[in-house]
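Colleague: I would like to learn how to read a structure like this one step by step. Could we go through it together?

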Amino acid sequence: MTPLLSVRNLKKIYGRGCPNCLSSPPRECQDNRCPRCAAIIACSDISFDVVPGEVLGIVGESGSGKSTILNCINLTLSATGGQIFYGHFAEGTRDILMVDAQTRRTLQNIHFGIVYQNPQLGLNFQVSGEGNVAERMLVAGHTHFGQIQTNVHQLLQRVELPPSRYKDLPNAYSGGMQQRVQIAKALINEPAIILLDEPTGGLDVSVQARILDLIRSISREFKVAMVMVSHDMQVIRLLCQRIIVMKHGRIIESGLTDRVIDDPREAYTQTLVHSTIQ
Amino acid sequence: MATHLEVNQLTKRFKLHILEGKEIVAFQDISFRIDRGRFLGISGKSGYGKSSLIKCIYRNYDITAGEIWLHDETGGRVDLTQISDIEMLAIRHRRMGYVSQFFQPIPRVTTMNVVIEPLIDKGWERERAMVRAKSLFQLFDIPANLWDAYPSTFSGGEKQRINLMRTLIDCPELLLLDEPTASLDRNNREIILSIIQELKRQQITMIGIFHNPDELALLSDEILSLERPGEEGNAANDNRLATAARFAFQVG
């Protein structure tokens with residue numbers, strides 16, 4: 001199957017870097033820090049594909065580089081090296097890390113959607129919930145007010161935001177509602193792929209369960225591919241067909257979700273699985 | 001007859017990093033071949049690697065060494081140990097079914113939706129998928145009041161039947177069965193056995209583990225008998241027996 005997204009040797013370094021840590025793979029590095037120049041290696045040598053409609057999980061402890069990957073794909077963070085190809089842009093032949101600012105905004109606004117754990121990052125708190133979603137349609141070039149309103153209300157209904165709350169400002173929403181609006185915002189322009197960064201982190205379990213059910217049904221209904229970051233193996237088991245396990249900014253293991261959970265290969269993966277699955 | 005699955009010198013070892021890299025041999029150097037439409041029974045004592053073997057074929061476990069060739073009807077073949085995860089998912093969806101020993105219900109998904117999900121994922125209309133599910137429910141004797149309930153609350157036997165239905169609804173050409181009758185009462189066991197015999201008539205190739213020797217003999221065209229995986233495993237077993245004997249003596 002032709003990949004929708006191909007990430008090749010993605011690297012993100014905080015600091016100037018030196019030949020030691022800029023090499024692939026970084027030499028002499030036991031963890032996230034280059035022993036020669038003390039630069040932080042947020043991620044290095046990251047390569048993977050996402051095929052249309054699949055849900056790919058990225059797991060690993062805090063600081064292992066999971067969110068860095070999502071932000072590099074979404075072009076909100078500029079990568080130090082590597083390439084990313086996206087099937088709906090130049091038929092997957094041009095590296096999206098090299099595009100100009102205008103193309104970058106088009107990719108961010110129309111082709112990708114992102115849902116953050118922290119709604120402060122994903123929502124504009126100065127405008128209402130429906131305004132947040134409508135804004136995305138405006139930047140995508142829609143001008144017909146009635147059409148925008150119809151689409152936004154349809155989607156907000158689908159993500160189960162109570163209609164009486166459409167016009168409220170995001171700070172008046174519960175954590176679960178904020179995530180629902182973020183999900184609607186990510187989906188409104190019908191992107192082929194959405195990126196989810198711990199979308200249920202910090203929510204209580206019953207709200208978490210309902211948001212997960214929503215994400216699960218949306219991935220099927222909208223046939224949208226997802227890359228989902230989580231440290232919760234139960235969440236990953238429920239949603240993802242394949243997963244990538246990260247440690248110290250590098251991929252240490254990848255595989256079918258049930259394979260990684262039932263037969264983890266690496267020491268860290270074994271610890272992760274045995275500490276979270278009863 | 002045409003070969004359907006061919007396994008060459010398959011070995012599975014687990015390396016347990018948390019136990020200082022201790023290695024456990026699940027099975028070693030297993031080879032067999034199964035023709036299209038035949039039933040291969042797997043026998044062997046508990047701990048001899050029967051389930052592990054099936055899991056390796058389905059890539060629920062990684063293999064340590066060996067080849068697993070899946071043949072198609074046009075003479076082509078593919079080594080399941082060499083293909084990508086994406087390709088393996090496609091084979092799981094289109095050509096292979098696996099019924100595990102334990103059913104893991106998907107939280108908050110109803111019986112009906114659990115069973116029709118494989119068809120929905122393939123793009124079937126919901127109504128059409130439900131018609132097929134309903135005929136399976138009848139065959140498997142699942143009463144209508146359970147269709148819209150969550151399987152997590154069901155009895156072991158009901159869960160096991162739902163597990164089977166979810167796999168069978170999509171008519172896989174190769175079916176891997178890990179003790180599908182283990183938690184069933186006699187009536188339900190007979191239903192499952194007759195369904196498996198019907199699948200045999202439909203030329204579905206099957207590899208199955210059954211603890212009951214009568215069931216194994218009834219269904220199998222051939223039987224693969226697994227031996228103990230290595231001296232190490234046997235020593236541990238003897239050790240365990242010795243411990244049990246000592247314990248019994250102390251209690252007495």
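Colleague: What is the strand order of the open sheet of 3 strands in chain A?

Modeller: Strands of a sheet pair through backbone hydrogen bonds, either parallel or antiparallel. In chain A, the open sheet of 3 strands has the order 2-1-4, and its pairing is antiparallel. Two strands pair if DSSP finds at least two bridges between them, and the elements are DSSP runs numbered from the N terminus, helices being H or I of at least four residues and strands E of at least two. Strand 2 (40-50) and strand 4 (81-86) of chain A are at the edges with a single partner strand each, so one side of each has no neighbour in the sheet. Strand 1 (residues 5-14) of chain A pairs with strand 2 of chain A in the antiparallel sense over 7 bridges, and Leu5(A) stands opposite Val50(A) in strand 2 of chain A.

Colleague: What should I keep in mind about the numbering and the model?

Modeller: This is a predicted model, in which local features need pLDDT of at least 70 and side-chain atom pairs count only at pLDDT 80 or more, while totals for chains, interfaces and linings use all residues. Residues are numbered from 1 along each chain as its sequence is written, chains are lettered from A and ligands numbered from 1 in the order in which they are written, and side-chain values use heavy atoms, with hydrogens and water left out.

Colleague: At what angle do helix 3 and helix 5 of chain B pack?

Modeller: Two packed helices are described by the angle between their axes and the distance between the axes. Helix 3 (residues 111-121) and helix 5 (residues 156-168) of chain B pack at about 30 degrees, with axes 7 Å apart; axes are lines fitted to C-alpha atoms, for helices over the stretch in contact, and angles run from 0 to 180 degrees between N-to-C directions. That makes helix 3 of chain B roughly parallel to helix 5 of chain B (under 35 degrees; over 145 is roughly antiparallel, 65 to 115 roughly perpendicular, the rest oblique).

Colleague: How many residues of chain B are in contact with chain A?

Modeller: The size of an interface is often given as the accessible area lost when the parts come together. Here 22 residues of chain B are in contact (heavy atoms within 4.5 Å) with 22 residues of chain A, and the area buried between the chains is about 2,000 Å², summed over both parts with a 1.4 Å probe. In chain B, His17(B), Ile86(B) and Arg108(B) lose the most area to chain A.

Colleague: Which residue of chain A meets Arg108(B) in a salt bridge?

Modeller: The partner is Asp213(A), at 2.6 Å from N to O; a salt bridge needs a side-chain nitrogen of Lys or Arg within 4 Å of a carboxyl oxygen of Asp or Glu. Across this interface the rule finds 8 salt bridges.

Notes:
Buried area is the accessible area (1.4 Å probe) that two parts lose on being put together, summed over both.
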